[in-house]
Amino acid sequence: MNDARRPVDEGARGRVAALLAELGIDEPLLSIVDLVPALGVVQGVLADRVVDLAVTENGRLRLRAELRGRRWAEEREVAVPEVLAANDDGRWLVSGRVHGAPGGGPRWAQAAVDAAVRIAPLPAPPGEPWQPPRGPALGRARASVEDAGRLVRGGVRLGELRAIRAAARLLPLSEVTHGDFRAANAVLDGEQGRLVVLEWAGVCPAPRHRDLLTLWATTADDEDRGMIGDIILDRTAGWEQPDVGLLWHAVALEQLVARITRPDRGDGLDVRFARARLAEARRIARDLGSATAG
């Protein structure tokens, strides 16, 4: 999730407080987070609950997609933040708060892999995945030029980026992806003693191993990442190795792009880490026979 935030005004605080009063929730608000620019919602944090209130149409669509994704995931026995109350139209959502414990280690890595494997089988849930707001065309063009400059300065080869993106778009959509299965979204809940997967608004069909590869590209510990990589290779048939190698390359490249253009992802990983993963992914892609690896 893009964690872009801005100071909260009293109007946003009042709206969340009014919703809590309407729902009969008489608990103090610990904090209010304004996520309107990125997600179209304001978020109230209580001791054991989180309240999301849509304040734009895009925010409403996001909460609808989030609720749909969580319900679908629960059918596959993937732990998600508990839905305590919800407006099915997407106006608001009250969730149980996940009290995250330090991640990492073999237990965390295996639990995250198991969740990705349960997510993967088709079909995906009905409905379109949520997309971030695009903004005016002129603004998008200006942002695109600015991002291109950042990428070049950050050492990204634009020709490689265009070629890998084009090739990855042609891969068969043979599995389901969570949409953002970064290590930061696979959280050990310290109170419940289980792994909980966050952020369910982007579930959609995808190429094989998309979630496992995203997990690999965002796992900080070398041993955990090595274990995840070995599992991916064990689950890859010989005939699909070139496609998996291509996607491995593509996912690592997109993670580097995200670190350069959106450095506020809130998971402690930096551009140097993403560059190292891209170099590693290029080598793996060559070993797997990907025609785009170079």
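These questions and answers cover the sheet, its helices and the ring contacts of a predicted model.

Reader: Which strands stand at the edges of the sheet?
Author: The sheet is open and antiparallel, with 5 strands in the order β1-β2-β3-β5-β4. An edge strand has a single partner, so one side of it is left without a neighbour in the sheet. That applies to β1 (31-35) and β4 (83-86).

Reader: What angle does the direction of helix α3 make with that of β5?
Author: Helix α3 covers residues 57-75 and packs on the sheet. It touches β2, β3, β4 and β5. Its direction and that of β5 make an angle of about 40 degrees.

Reader: Are Trp216 and Trp248 buried or exposed?
Author: Buried means under 20% relative accessible area. Trp216 has 2% relative accessibility, and Trp248 has 1%. Both therefore count as buried.

Reader: How do the planes of Trp216 and Trp248 lie, stacked or edge-to-face?
Author: The structure holds 1 aromatic pair. Its rings, Trp216 and Trp248, lie 5.5 Å apart, centre to centre. Planes over 60 degrees apart count as edge-to-face. Here the angle is 80 degrees, and the pair is edge-to-face.

Reader: Which ring does the charged end of Arg62 sit over?
Author: A charge over a ring must be within 6 Å of the ring centre. The charged end of Arg62 is 5.7 Å from the centre of its ring. That ring belongs to Trp130.

Notes. Residues are numbered from 1 along each chain as its sequence is written. This is a predicted model: local features need pLDDT of at least 70, side-chain atom pairs count only at pLDDT 80 or more; totals for chains, interfaces and linings use all residues. Side-chain values use heavy atoms; hydrogens and water are left out. Two strands pair if DSSP finds at least two bridges between them. Helices (H or I, at least four residues) and strands (E, at least two) are DSSP runs, numbered from the N terminus. Contact means heavy atoms within 4.5 Å. Axes are lines fitted to C-alpha atoms, for helices over the stretch in contact, and angles run from 0 to 180 degrees between N-to-C directions. Rings of Phe, Tyr and Trp (its six-membered ring) pair if their centres lie within 6.5 Å; planes under 30 degrees apart count as stacked, over 60 as edge-to-face and the rest as tilted. Buried means under 20% relative accessible area, exposed over 50%, partly exposed in between (1.4 Å probe, protein chains only). A charge sits over a ring if NZ of Lys or CZ of Arg is within 6 Å of the ring centre and within 35 degrees of the ring normal.
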